[in-house]
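Hi,

Here is the structure we talked about. Please open it next to this note and follow along.

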Amino acid sequence: MSIRLLIYLVICLCFVVKSFRTTPVVLAALIIGMYFIYPEKYIWGLTEYRIVMVLNVILLVVILHKGLKLHIFGDIFSKLMVCLLSSFVLSAFFAKGDIALSREYAVMFLKIGLFWFMLKACLNGERDLGIFYWTCLLSITFLAAWGVEQYLLGNVRLEGFGGGQILGSNQIAAAMVWALPVAYFKFIQKQGAPRWIALACFCLLIAGLVCTQSRQAVVAVLVCLPWYFIYVKRKLIFIGGALVFILAGSFMVPSEFFQRIKTMEEYEEDASAMGRIEQWRGATKMFLDNPIIGVGGKNYYVLAHKYVEHPRVTHNTFFQILSEEGIIGITTFLLLFFITLKKLSALAKWEGQYEKPQYIPHYAMIAKISIMGLLVVCMFQNKAEHEFLYWPIAVAAALTAQARRWETESPEVSPQSVAISRDANLK
């Protein structure tokens, strides 16, 4: 056994003991950190996924030991997640192409679903949500810093960099799009050292995005930009800071980045873009031939030669699910995200109601913008099997439960007490 492996096992043991003594989100944070930086392959050299599986089993034991419940059918988010997982299993059993590949894909989704339910059970308050989001932010920032180093060493666009589901420039860029709202809102709402750590993370994430030269990530950031503006209180400072940031970045960003982004103006002449459109048309034809449950997970590529001249993956999550899981899968997927965004928008409006826990709108805004950015990225990537796509939904479920608990357990607040609380807060 190597010294690195021994040290890592000691770290895992410490996290396990800590989770039994305090909160299971500590162990969930370790698993999340491993997910993003992929230590099995790139740091520790362990057999792929073995430690992840063991830690997931221990996490389940900790959750049950703490008396927490998974609530598999406890809320609308969980019910829709069960329906989505069921659609993948159903399509796998009636797959039209490679049945073994489709069933392996369905099993992977069941693992994703299990961790999702455990994560939802772990997020029981402000402290747990803080641990979760800081872990995600610091892990992805580490990945961004590592990517900048790789870029400076000559790995342009970070091809082949990363590991697991976060492999390659566009996948890494998607993770950074996911984390940007975390860094942004931590910076504007925290004080002291956490605020400046968040700012450093934000700058490193932007630098990492530039190094990936991902056009879809740029589109996602631009789409989300108005919501960054809406949810900030000091809007003039936001505009001034943004202008300074853009001006400074224009001198520091390499010219190759602007050249690649400029290709979006010539979309119809771009071979990559036209190849995607060809696959989307093929996926639509495949869906029309198998409209109910699709052809089975991972089977679009297997059967694409019947529908397109140059078979590739769909490069679009919605067309991927449409062709592989049919109308059942795509309807459940869209409904899940629609309801989540609607609920997060309502929770974000708690801002300014001083009697209510203010961490709820804070984390609701983060989760909402993260989802919006990822859904834009989903237009250009196959991300249905990427775990972090669903984590903000677990946050939404946890926040909804906590808001409902507060409204149920707290006495009705009179308008006079609202005014008194507001005056006290202003003083």
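Below is what turned up, starting with the charged pairs. Keep in mind that this is a predicted model.

Salt bridges

The structure holds three salt bridges.

D75 and K120 pair through their side chains, at 3.3 Å from N to O. The two are 45 residues apart: D75 sits in the loop between α4 (50-65) and α5 (76-93), K120 in helix α6 (residues 99-122). D75 is buried, at 16% relative accessibility. K120 is buried as well, at 8%.

K298 pairs with E385, with the closest N and O atoms 3.6 Å apart. This pair also links distant parts of the chain, 87 residues apart. K298 lies in the loop between α13 (271-289) and α14 (300-303), and E385 in the loop between α16 and α17. K298 is partly exposed, at 35%. E385 is buried, at 9%.

D128 and R127 form a salt bridge too, at 3.9 Å from N to O. D128 is buried, with a relative accessible area of 6%. R127 is exposed, at 55%.

A buried lysine

K368 belongs to helix α16 (residues 359-378). Its relative accessible area is 9%, so K368 counts as buried. Leaving out residues up to four places away in sequence, K368 touches W227, Y231, L341, L344 and S345.

Helix packing

Helices α7 (residues 126-152) and α17 (residues 391-409) pack at about 165 degrees, with axes 12 Å apart. They are therefore roughly antiparallel. Their crossing is left-handed. From α7, L129, F132, Y133 and C136 meet W391, V395, L399 and Q402 of α17. Of these contact residues, seven are nonpolar, one is polar and none is charged.

Best wishes

Note on methods: Residues numbered from 1 in each chain as written. Predicted model: local features only at pLDDT ≥ 70, side-chain atom pairs only at ≥ 80, totals over all residues. Heavy atoms only, no water. Axes fitted to C-alpha atoms, helices over the stretch in contact; angles between N-to-C directions. Helix = DSSP H or I, 4+ residues; strand = E, 2+ residues; numbered from the N terminus. Parallel < 35°, antiparallel > 145°, perpendicular 65-115°, else oblique. Left-handed = near helix turned anticlockwise from the far one by under 90°. Contact = heavy atoms within 4.5 Å. Nonpolar A, V, L, I, M, F, W, Y, C, P; charged D, E, K, R; others polar. Buried < 20%, exposed > 50% of the residue type's maximum accessible area, 1.4 Å probe, protein only. Salt bridge = Lys/Arg side-chain N within 4 Å of Asp/Glu carboxyl O.
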